[in-house]
Amino acid sequence: MPIIDQLQITSFRNLAGINIAPSRGVNLIYGGNGSGKTSLLEALHVLSSGKSFRSALVDPLIKDGDAVATVYASTVKGVKFGLSKSRNKKAQLRLNGKNEGNWEQVARALPALVIDSGAFALLEGGPKARRRFLDWGAFHVEPTFLDNWRRAAKCLVNRNRLLKRGSLMNEELRAWDEELTIASDSIDRARAAYFEKLLPLFEQIYATFVGVHSGLTLEYKRGWPAEHKLLDLLQANRELDVKYGSTQVGPHRSDLEFRVGNRKATESLSRGQEKLLVCALKIAQGELLSGVINRRCIYLVDDLPAELDSPNQQRVMKCLLALGSQLFVTSVDPGALAISEFGDTEIARFHVERGTITS
């Protein structure tokens, strides 16, 4: 289980130099707006995944006037993670002193989930955010998922290249169709199996937030009709694919559908109810990860009081604490979450002001 016992950050966003010893339980990061609270969470997420949850670009994360941003973390079991990013250069990633060419091993060793305002994209955004949510879980519980995902992505790039040329009857196109079908079937099985395990956990957690009669339903859509084989559809739809210059069916079109009765969930739920739904999804992911591979994830919770009243904040925090995961939680008001009410939970408080931090 990853429990960070040392965290060092330099020149990341507005954070000049930070060196803290986090608690095993709750780490409350508090301070005014723009002080650097969220940047600390963001640095952890970039270390874990290579991606920011606030920006698509990594170079702007380097503090103005500085050439290099670094993030270092060690765990109670002695695992060491290091990231160095220079402007306009590839990031340097290290795991236990060895260079890593990509984030696969680091992501498995340091799984991190974010609960923030951007998580609303699971409901309000396009299918890409929901696929990313599913794929995070499938990646962690199905060892072959990433290889199949990469195979499918390669197939789509090459197939779309041929489609843009107007190819209809092409042996090369057929070869990519067959390869894409094999990879896609594996991706679909992994996603469907993950969703099947996730759904009852989500429903149980969500019911503790809103009650059992919410009427909410979730359904996994694989990206092509269930009654058809993907290979047959790829061949039958070639003219349409050539018209648009891209593949119209496949795992890159999969989605999760949220409904309340016959309406989309976004048409029926309030902003606060949407946040509870997102929190339930993320907590269910963490619980499933722990149950399937016996590994807890780190939770990065940014400004939980936003959109949630005090009783619902308490419900969410109780569920998070029950997971036994390490939490990094930000808040403008250090007393807003009333964390001290949760028994003997180990708590560390860190005050951030103008990019510096004190405990």
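# Briefing: sheets, rings and cores in a predicted model

Strand β3 (residues 26-30) and strand β13 (residues 327-331) run parallel and are joined by five bridges. Helices (H or I, at least four residues) and strands (E, at least two) are DSSP runs, numbered from the N terminus, and two strands pair if DSSP finds at least two bridges between them. This is a predicted model, in which local features need pLDDT of at least 70 and side-chain atom pairs count only at pLDDT 80 or more, while totals for chains, interfaces and linings use all residues. Residues are numbered from 1 along each chain as its sequence is written, and side-chain values use heavy atoms, with hydrogens and water left out.

- In the loop between β12 and α11 lies D303, which has a positive phi of about 55° although it is not a glycine.
- D303 counts as partly exposed, at 31% relative accessibility. The classes are buried (under 20% relative accessible area), exposed (over 50%) and partly exposed in between, with a 1.4 Å probe and protein chains only.

**Strand β1 and its partners**

- Strand β1 (residues 4-12) pairs with strand β4 (residues 68-75) in the antiparallel sense, over six bridges.
- β1 also pairs with strand β2 (residues 15-20) in the antiparallel sense, over five bridges.
- T10 stands opposite T70 in β4, and its bridge partner in β2 is G17.
- β1 and β2 form a hairpin with two residues between them, and R13 in the turn has a positive phi of about 50°.
- S11 lies in strand β1 and has a positive phi of about 55° although it is not a glycine.
- S11 is buried, with a relative accessible area of 9%.

**Aromatic rings and charges**

- Two aromatic pairs are found in a search of the whole structure. Rings of Phe, Tyr and Trp (its six-membered ring) pair if their centres lie within 6.5 Å; planes under 30 degrees apart count as stacked, over 60 as edge-to-face and the rest as tilted.
- F195 and Y220 form a tilted pair, 6.3 Å centre to centre with 35° between the planes.
- This pair links distant parts of the chain, as F195 is in helix α6 (residues 171-210) and Y220 is in strand β9 (residues 216-221), 25 residues apart.
- F195 is buried at 9% relative accessible area, and Y220 counts as buried at 14%.
- F202 and Y206 have ring centres 5.4 Å apart and planes at 15°, so this pair is stacked.
- Both F202 and Y206 lie in helix α6, four residues apart, about one turn of the helix, and both are buried.
- The charged end of R108 sits over the ring of F139, 4.0 Å from its centre, and that of R271 sits over the ring of F120, 3.7 Å from its centre. The criterion is NZ of Lys or CZ of Arg within 6 Å of the ring centre and within 35 degrees of the ring normal.

**Nonpolar cores**

- The largest nonpolar core has 51 residues, and those with the most contacts inside it are F202, F209, L277, Y299, V316 and L320. A nonpolar core is a set of buried Ala, Val, Leu, Ile, Met, Phe, Trp, Tyr and Cys residues joined through side-chain atoms within 4.5 Å.
- Helix α10 (residues 271-293) gives the most to this core, with ten residues.
- Another core, of 35 residues, lies apart from it and includes L40, V71, L110 and V352.
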